[in-house]
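Subject: Handing over a structure

Dear colleague,

Please find the structure below, which I am passing on to you together with my notes. Could you read the notes with the model open beside them?

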Amino acid sequence: MSKHLSLALCLSLLASACADPSVDEDPIDEPALTTDELAALPAGADDPEHALDHLREGAAVDDGATFDDDEPLPFVDVEVVDDGAPRFAALLASGLHPRASDALRAAGVAAWRITQTIGDAPASAGYHAADGTVNGRAYCAATDLSVRGLTATQIHNLLERLARAGFAAWYRKDGVDGWRGADHLHVVYANAKMKSQLRAQVRSFLVGRNGLVSNTLYRWHDFSDAAVRAVKAKFAASASGTSNGGAGVPARINTAGAPLTVRAGASASTAAVGAVADGAYVVIRCQKRGQTVSGTYGSSSLWDKLDGGYVADAYVATGSDGQVAPTCP
Ligand SMILES: [Zn+2]
């Protein structure tokens, strides 16, 4: 069966042939992929970008214990400005977006596990082709990682950590979830400008699917809603993968229970215009000083502008007590 025929069957028989009604396939209210997005996904078989000789590993280090839990380090994206000024740690590997490099560190990934950034497979579909440049250095939003030395549990933990740091991530295991080929992790950093094929892969991840042309439900790992929402927030910050700039800083609401009121201005005396749930991932567009508020993170006069209004920064996990986004006009 050609991949086009199988895709057409999937589309015409979506509910019965390609989905399992017992699985919640839409945990975060994402719409199904469009026809164009489905067409942009890669075939799972005979993929020259993910043949063994393109997934070269460095010297292995026994770091399995790093992945005995699924908690990444707290991590907040730094704005990318193409002015050459140092804002990021040295890249873990050349060909990484600097934010992706920092996020891999937050997830506990060592350089030797990175087997491919910008790919060199000839005449391939180009998923690992360069996506752009940051400060004159080319990057690809997709990265391949080795799973050498990891137990299945440790791979589950690594996938969860990667998603919480902003990666759409899949374990490509031979014979599982539509994949045929070398075992590895294929991950796409959501907060970077990327090619349309990778944007389609991130969208496939957000609806719980495998990111391949079959676009079936991804079953090997069940990502937590928090992990999926983290990727969604990063993807939103990059304007769905079309922007590299400072469109916003992902953060998370922490009130220890109650919803947080969204205000028209940087003070609790301004009108309430909405609310965000405790634990929600949000994107901070800018920040400014206003009324001092005591919250989960102490006292602060900083207010965070979200799409729609302001929330008190004292209730928002940004990784910093200071300002992390541009000053609001
Ligand atoms: Zn890959």
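Two strands are said to pair if DSSP finds at least two bridges between them. Helices (H or I, at least four residues) and strands (E, at least two) are DSSP runs, numbered from the N terminus. Residues are numbered from 1 along each chain as its sequence is written. This is a predicted model, in which local features need pLDDT of at least 70 and side-chain atom pairs count only at pLDDT 80 or more, while totals for chains, interfaces and linings use all residues.

With those terms in hand, there is an open sheet of three strands in the order β10-β7-β14, with antiparallel pairing. Its edge strands, each pairing on one side only, are β10 (281-284) and β14 (316-317). Strand β7 (residues 249-253) is joined to β10 by four bridges in the antiparallel sense, and Ala251 has Val282 in β10 as its bridge partner. Helix α7 lies across β7 and β10, and runs at about 20 degrees to β10; here axes are lines fitted to C-alpha atoms, for helices over the stretch in contact, and angles run from 0 to 180 degrees between N-to-C directions. Contact between two residues requires that their C-beta atoms, placed from the backbone, lie within 7 Å.

Another open sheet has four strands, ordered β1-β4-β6-β5 and paired antiparallel. Its edges are β1 (114-116) and β5 (167-172), each of which pairs on one side only, and the twist from one strand to the next averages 30 degrees. Six bridges hold β5 and strand β6 (residues 184-189) together in the antiparallel sense, with Ala169 opposite Val187 in β6.

There is also a hairpin, made by β12 and β13 with two residues between them, and Gly308 in its turn has a positive phi of about 115 degrees. Strands β12 (residues 298-306) and β13 (residues 309-312) run antiparallel and are joined by four bridges, and Trp303 has Ala312 in β13 as its bridge partner.

For the chain overall, the secondary structure comes to seven helices and 14 strands. Of its 329 residues, 45% count as buried, where a residue is buried if 20 or more other C-beta atoms lie within 10 Å of its own, exposed if 12 or fewer, and partly exposed in between, with C-beta atoms placed from the backbone. Among contacts between residues at least 6 apart in sequence, 67% join residues at least 24 apart.

Helix α6 (residues 196-206) is mostly covered, since nine of its 11 residues are buried, among them Leu198, Val202, Phe205 and Leu206. The cover over these buried residues includes α3 (35-40), β4 (142-145), β5, β6 and α7 (225-237). Just after α6, Gly208 takes a positive phi of about 80 degrees.

A nonpolar core is a set of buried Ala, Val, Leu, Ile, Met, Phe, Trp, Tyr and Cys residues joined through C-beta atoms within 7 Å. The largest one has 74 residues, and those with the most contacts inside it are Ala163, Phe167, Val188, Val231 and Val311. Its largest share, seven residues, comes from α7. At least three residues of this core come from each of domain 1 (24-237) and domain 2 (249-317), with domain bounds taken from an automatic or database domain assignment. Leaving aside residues up to four places away in sequence, Val231 touches Ala163, Gly166, Phe167, Ala168, Ala190, Phe205 and Leu206.

Two backbone angles may also interest you. Most residues other than glycine have a negative phi. Asn135, in the loop between β2 (132-134) and β3 (137-139), has a positive phi near 50 degrees, and is partly exposed, with 14 other C-beta atoms within 10 Å. Ser240, in the loop between α7 and β7, has a positive phi of about 55 degrees, and is partly exposed with 13 C-beta neighbours inside 10 Å.

Finally, a word on confidence: pLDDT is the predictor's confidence in each residue, from 0 to 100. Its mean over the chain is 85, and 87% of the residues reach 70 or more. Among the elements, β5 has the highest mean pLDDT (98) and helix α2 (residues 14-17) the lowest (38). Over residues 1-26 the pLDDT is below 50, and this stretch has 22 contacts in the model beyond near neighbours in sequence.

With best wishes
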